[in-house]
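Subject: Structure handover

Hello,

Here is the structure I promised to pass on. My notes follow below it.

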Amino acid sequence: MDYNATTPMEPEVIQVVSDALHEAWGNPSSNYIAGAMAKAIINQSRQNVARMVGGKAEDIVFTSGGTEANNLVLHTAVEHFKENCSTAEHSEGHKNGCAGLPHIITSNVEHDSIRLTAKHLQTVGKADVTCVPVSKVTGRVEVEDVIAAVRPNTCLISVMLANNETGVIMPIQEICQKIKSLNKQQEQLRILLHTDAAQALGKIPVDVQELGVDYLTIVGHKFYAPRVGALYVNGPGTKTPLYPMLFGGGQERNFRPGTENTPMIAGLGKAAELVTANLSHYQSHMLNIQMHLEERLQDVFRDKIRFNSHYPGSDILPNTCNVSILGPVLQGWRVLSNCRRLLASVGAACHSASGNRPSHILLSSGVPTEVAANALRLSVGRETTKEDVDAVVEDLRETVQLLENMN
Ligand SMILES: O=C(O)CC[SeH]
């Protein structure tokens with residue numbers, strides 16, 4: 001019940017990975033049949049990934065995963081600023097937003113690969129960063145707050161499409177619409193637009209044209225693909241800047257060199273094909289199971305339950321249920337460590353080393369401290385059944401009874 005942490009690979013995905021390991025081990029840059037076979041698999045995967053997000057094949061740059069893709073975007077934004085502000089006509093700076101450091105706007109509930117990368121750039125004096133706080137009422141970053149944070153030297157806005165703990169879907173399309181009109185109005189530095197779609201892909205429709213983003217991060221292991229990723233860029237190096245962090249053998253048009261990981265890319269392409277073909281089924285199944293889960297939790301725990309993903313006016317992912325069972329001895333970590341069957345998390349997997357402190361994402365999203373301390377993040381998957389839900393709720397009921405009887 002922790003599919004926002006990671007997902008298993010679909011059998012068809014495992015099959016194409018295995019096939020590529022056996023048959024397509026050639027270097028894709030080699031000019032003979034073994035290389036051509038590998039290159040063909042990579043090109044087909046590129047087409048499939050592009051189709052999943054509504055982009056073109058040439059807009060897809062394969063990476064090792066979401067963290068690399070996110071780092072590539074922030075690196076590009078800083079280079080974009082320097083490139084645009086290096087020429088003489090910008091020397092005064094104030095005319096075209098080139099005074100001072102590149103300014104990056106993000107939210108205060110981002111994945112650590114955005115949060116810590118932005119923090120590092122600020123710490124080493126390479127960028128100024130504004131983390132716009134999400135509304136404690138809607139759990140969403142509000143468009144007007146993002147616009148209010150824009151400065152003449154703002155070069156990037158990066159906000160995740162959906163949050164990994166609350167499941168709240170962010171107003172990316174509205175943000176992009178406002179910023180694009182701002183970019184048109186003035187000669188100032190173009191503000192680049194990025195969203196980390198890690199938690200949204202495979203759960204809700206994701207269309208880069210509708211969103212209006214310049215960049216979109218794709219993370220395989222959240223939609224039953226291998227641990228590999230990609231970055232969507234709207235016309236990399238032509239319509240939209242993309243500056244490499246790595247230099248080497250020219251692969252990925254020099255945007256991300258390194259001999260391609262053909263089997264993993266093959267798996268990513270197959271998983272993307274499955275999402276394109278089955279998304280509405282996946283989405284309706286997960287929503288059905290999530291609703292059953294919430295009904296059963298409400299039935300069993302009545303006024304002891306608080307749903308941390310219920311925000312008025314905000315849409316949330318169809319698979320995520322962040323919930324707290326109220327009580328002084330029912331901290332999330334304590335409940336989970338006493339459950340016999342439930343495997344879930346109190347928050348992001350990459351924060352699991354942060355001890356038993358309440359999630360900063362929940363606190364930032366307006367969840368009271370004593371409630372956040374008891375949070376359980378339950379995230380269902382494609383195979384989760386109502387019987388699984390009933391078993392989990394019974395496990396929770398028994399565990400709560402045990403803990404409360406012990407005190
Ligand atoms: O939210 C999660 O568990 C995955 C990102 Se660390």
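How much space lies in the largest pocket? About 470 Å³. This is a predicted model, where local features need pLDDT of at least 70, side-chain atom pairs count only at pLDDT 80 or more, and totals for chains, interfaces and linings use all residues. Residues are numbered from 1 along each chain as its sequence is written, and side-chain values use heavy atoms, with hydrogens and water left out.

**The pocket**

The largest pocket is lined by 21 residues. Closest to its centre are I169, M170, I204, P205 and D315. (A pocket is an open set of points on a 1 Å grid over the protein atoms alone, with protein on both sides within 12 Å along at least five of seven lines; lining residues have an atom within 4 Å of a point. A volume is the space filled by probe spheres set on the points, which are joined across faces, edges and corners.) Three helices, α6 (172–185), α7 (208–211) and α8 (262–301), each supply at least two residues of this lining. (Helices are DSSP runs of H or I, at least four residues; strands are runs of E, at least two; both are numbered from the N terminus.) By type, the lining of the largest pocket has 13 nonpolar, three polar and five charged residues. (Ala, Val, Leu, Ile, Met, Phe, Trp, Tyr, Cys and Pro count as nonpolar; Asp, Glu, Lys and Arg as charged; the others, Gly among them, as polar.)

**The cavities**

There are two cavities of 30 Å³ or more. (A cavity is a set of grid points where a 1.4 Å probe fits but cannot get out.) The largest cavity has a volume of about 60 Å³. Its lining has 13 residues, with T7, K203, K222, Y224 and M286 nearest the centre. Six of the lining residues are nonpolar, four polar and three charged.

The second largest cavity holds about 40 Å³. I157, V159, I172, I175, C176, L193 and H194 line it. Helix α6 gives the most to this lining, with three residues. Strand β5 (192–196), like α6, supplies at least two. Six residues here are nonpolar, one is polar and none is charged.

**The ligand**

Around the ligand are N4, A5, H111, N164, Q199, K222, A348, A349, C350 and R377. For R377, a side-chain N or O atom is 2.7 Å from a ligand oxygen. A349 uses a backbone N or O atom, 2.7 Å from an oxygen of the ligand.

(Axes are lines fitted to C-alpha atoms, for helices over the stretch in contact; angles run from 0 to 180 degrees between N-to-C directions.) Strands β6 (215–219) and β7 (229–233) pair antiparallel over five bridges. There, L216 stands opposite Y232 in β7.

Another open sheet has three strands, β8-β9-β10, with antiparallel pairing. Its twist averages 30° from one strand to the next. Three bridges join β8 to β9 (320–325). I305 stands opposite I325 in β9.

Best wishes

Methods. Pairing = 2+ DSSP bridges. Near = heavy atom within 4 Å. Polar contact = N/O pair within 3.5 Å; in protein donor to acceptor, adjacent residues only side chain to side chain.
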